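Trainee: I have a new structure on my screen and would like to learn how to read it. Could you walk me through it, one feature at a time?

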Amino acid sequence: MTDQVSVRAYIGGNKVAAAGMTISLALIVLAIVAPWIVPQDPLDQSFLSAGQGPSAEHWLGTDSFGRDVFSRVLAGARVSLSIGIVAPTIAAFAGIWCGMVAGYFGGWTDRTISRSSDLLMSFPTLLLGVMIAAALGPSFQSAVIAIAIALFPRFVRLSRSATQVVKREPFIDASIAAGRGSASIMLRHVLPNIGGSLIVALTLWIATAIRLEAALSFLGLGAQPPAPSWGNMIRDGMSDLVGAPWPAACAGAAITIAVLAFNMVGDALRDMLDPEIDT
Amino acid sequence: MIAYIARRLLEVVPTVLLVLTLVFLALRVLPGDPAVAALGEFATPAAIETFRHKLGLDQPMWRQYLAFLSQAVMGDFGQSMVNGTPINALLARSLPYTMELAAAALLFGMVVGVPLGVWTATKRDGAADGIARIFALLGFSLPDFYLGVLLLLAFSLHLDWFPMLGGGETFWDRMHHLVLPAITLGLVMAAFIMRLTRSSMLEVLRRDYVRTARGKGVAERWVIFKHALRNALIPVTTGMGIYLLTTLSGTITVELVFSRPGLGQLLIGGISARDYTMVQAGLVVFAFFVVVVNLLTDLLCAAIDPRITLR
């Protein structure tokens with residue numbers, strides 16, 4: 001009985017993973033080719049066609065400036081997904097190294113790195129993002145930096161605790177005895193062993209980063225208009241929800257689908273690789 | 001225990017100092033002169049000089065820093081750079097709106113999330129599992145402000161059941177304004193709390209004392225609520241601090257959706273108006289909440305599980 005349930009859950013997990021992976025890849029491809037396939041210029045205003053519902057000409061209607069919502073959602077995917085993928089990747093790169101160094105060397109190095117990342121971690125990601133974006137001034141770059149800093153301590157913690165486990169393995173002692181340097185041991189022996197859990201975490205944090213980027217640009221702290229991002233489309237749409245509900249509704253649906261897809265991949269990978277991972 | 005409390009309280013001091021310093025520096029290293037931002041591009045040099053003098057911006061950096069520190073510690077944030085209103089008055093007016101939203105959302109999250117978690121942990125068939133999975137995935141994927149926009153469209157614009165804008169004045173009016181924002185944030189919280197309750201319940205239900213209770217012939221309902229839930233709720237309770245902070249930061253976007261005159265609106269308004277003193281005050285207040293809530297959570301955890309104090 002229990003076997004049957006776990007087998008079903010496993011296949012279910014794989015289906016979820018496959019669906020999530022397909023949607024995520026499709027979104028990334030769409031974002032890359034967006035400039036060539038948008039049916040209309042996403043910045044082109046026309047007051048004659050403002051606030052229309054979906055039609056053959058405008059698949060998802062128009063916003064209150066008469067801009068084509070479908071084209072804007074596609075163009076917005078470029079901004080939202082590039083921030084959503086680049087920022088956690090930067091955070092992962094920096095965080096993994098800091099975490100490995102802390103976990104490998106221990107002592108005061110560990111204390112300094114852990115204390116500072118714990119301090120950052122005590123702030124909710126959105127609040128930290130708002131604080132940093134407020135300090136840097138609203139722009140595309142500051143959204144990337146804000147999100148990267150907000151996610152950085154999560155990777156430090158994960159890679160530090162994973163490194164501490166690996167460090168106790170005999171092959172590390174063997175490498176030290178063989179005279180290998182610390183950096184080389186971390187790169188050759190520690191990193192490959194903690195890589196799996198870090199990839200799961202990265203996928204899940206990409207989902208969070210897309211949501212964070214949307215929240216920041218909704219607050220006016222991310223990519224600046226007229227360039228469309230999903231978050232600032234909702235922000236724009238708020239001013240005329242009665243006349244033109246389409247931009248806000250479609251941009252929000254796009255955010256939800258993207259976040260859902262990356263979450264599905266991450267969840268399924270986590271179930272398959274290691275149910276114990278705590279992100 | 002007393003030693004632990006003292007140590008934990010002492011740790012707060014460097015944290016607060018560091019946060020205040022970062023807030024101060026962040027706003028000073030920014031390109032752009034706040035005086036020019038407040039008075040406009042075409043202000044005369046004399047007017048800018050007067051403005052800088054009035055706000056102490058012509059003082060050396062270390063004096064500004066000391067003045068800022070002593071004011072922040074005393075809880076006096078000066079006046080708005082843009083319109084000269086005392087910031088403390090603005091904070092006093094907007095704080096209640098943020099507090100009532102965070103409290104209502106957290107309450108909603110607990111009331112919905114805990115029973116759902118228990119139900120999906122005990123009824124481990126397809127339907128309950130599916131509901132748990134979908135609810136959790138949606139809770140983590142649907143941005144709270146988008147949910148707010150959808151609720152606003154449906155229940156304020158089309159059905160006209162709830163007011164669209166503002167925070168309300170009299171008690172019932174405020175409650176009426178609170179419903180949609182609280183549900184918006186509360187549903188997301190409910191998903192978090194459900195997932196935590198569920199995994200904690202599943203963990204506890206495997207324990208020996210639950211098997212013993214069942215073996216003794218204790219009724220299943222009694223086993224779940226008396227033996228399992230009480231223990232399963234410990235991580236849920238200690239996780240409250242994280243929920244509270246997540247909810248608090250969630251109020252920033254939700255306030256903007258529903259145009260509630262809260263703390264988040266002040267902060268975001270300050271950022272877009274380049275009102276440096278306002279931004280400073282908003283950031284300090286939010287950071288203050290983070291530090292206090294973390295402190296209280298740690299003390300609560302120590303009270304529930306005294307082993308923590310020995311670390």
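Trainee: Among contacts in chain A between residues at least 6 apart in sequence, what percentage join residues at least 24 apart?

Mentor: A contact is a pair of residues with heavy atoms within 4.5 Å. In chain A, 72% of the contacts between residues at least 6 apart in sequence join residues at least 24 apart. Before we go on, keep in mind that this is a predicted model: local features need pLDDT of at least 70, side-chain atom pairs count only at pLDDT 80 or more, and totals for chains, interfaces and linings use all residues. Residues are numbered from 1 along each chain as its sequence is written, chains are lettered from A and ligands numbered from 1 in the order in which they are written, and side-chain values use heavy atoms, with hydrogens and water left out.

Trainee: How many helices and strands does chain A have?

Mentor: Helices (H or I, at least four residues) and strands (E, at least two) are DSSP runs, numbered from the N terminus. Chain A has nine helices and zero strands, so along the sequence you read α-α-α-α-α-α-α-α-α.

Trainee: And what share of chain A counts as buried?

Mentor: Buried means under 20% relative accessible area, exposed means over 50%, and partly exposed is in between, with a 1.4 Å probe and protein chains only. By that rule, 49% of the 279 residues of chain A are buried. The areas come from the Shrake-Rupley method with a 1.4 Å probe, and for residues only the protein chains shown count as cover. Chain A has an accessible surface of about 12400 Å², with 66% of that belonging to carbon and sulfur atoms.

Trainee: Which residues form a nonpolar patch on the surface?

Mentor: Patches take residues with over 30% relative accessible area and no salt bridge, joining like charges within 9 Å and nonpolar side chains (Val, Leu, Ile, Met, Phe, Trp, Tyr) within 5 Å. Here the patch consists of Val29(A), Leu30(A), Ile32(A), Val33(A), Trp36(A) and Ile37(A), which together have about 590 Å² of accessible area. To find it, look for Val29(A) in helix α1 (residues 2-37) of chain A.

Trainee: Where do charged side chains pair up?

Mentor: Side chains of opposite charge can pair when their charged atoms come close. We call it a salt bridge if a side-chain nitrogen of Lys or Arg is within 4 Å of a carboxyl oxygen of Asp or Glu. That gives three salt bridges over all chains. One of them joins Arg160(A) and Asp110(A), at 2.6 Å from N to O. Arg160(A) is partly exposed at 24% relative accessibility, while Asp110(A) is buried at 10%.

Trainee: What about the others?

Mentor: Asp118(A) pairs with Arg157(A), with the closest N and O atoms 3.7 Å apart. Again helix α3 is linked with helix α5 of chain A, this time by residues 39 apart. In chain B, Arg260(B) meets Glu100(B), and their closest N and O atoms are 3.2 Å apart. Arg260(B) sits in the loop between α11 (240-257) and α12 (263-272) and Glu100(B) in helix α5 (residues 87-122) of chain B, so the bridge ties together parts 160 residues apart in sequence. Arg260(B) is buried, with a relative accessible area of 0%, and Glu100(B) is buried too, at 17%.

Trainee: How much area is buried between chain B and chain A?

Mentor: The size of an interface is often given as the accessible area lost when the parts come together. Buried area is the accessible area (1.4 Å probe) that two parts lose on being put together, summed over both. For chain B and chain A this is about 3200 Å², and carbon and sulfur atoms give 78% of it. On the chain B side, Leu137(B), Phe145(B) and Tyr146(B) lose the most area to chain A, together 17% of what that side buries. In terms of contacts, 36 residues of chain B meet 37 residues of chain A. Between these two chains the salt bridge count is zero.

Trainee: Which residues does Val149(B) touch?

Mentor: Leaving out residues up to four places away in sequence, Val149(B) touches Ile234(A), Met238(A), Leu241(A), Ala248(A) and Val257(B). Val149(B) lies in helix α7 (residues 144-158) of chain B and is buried, with a relative accessible area of 0%.
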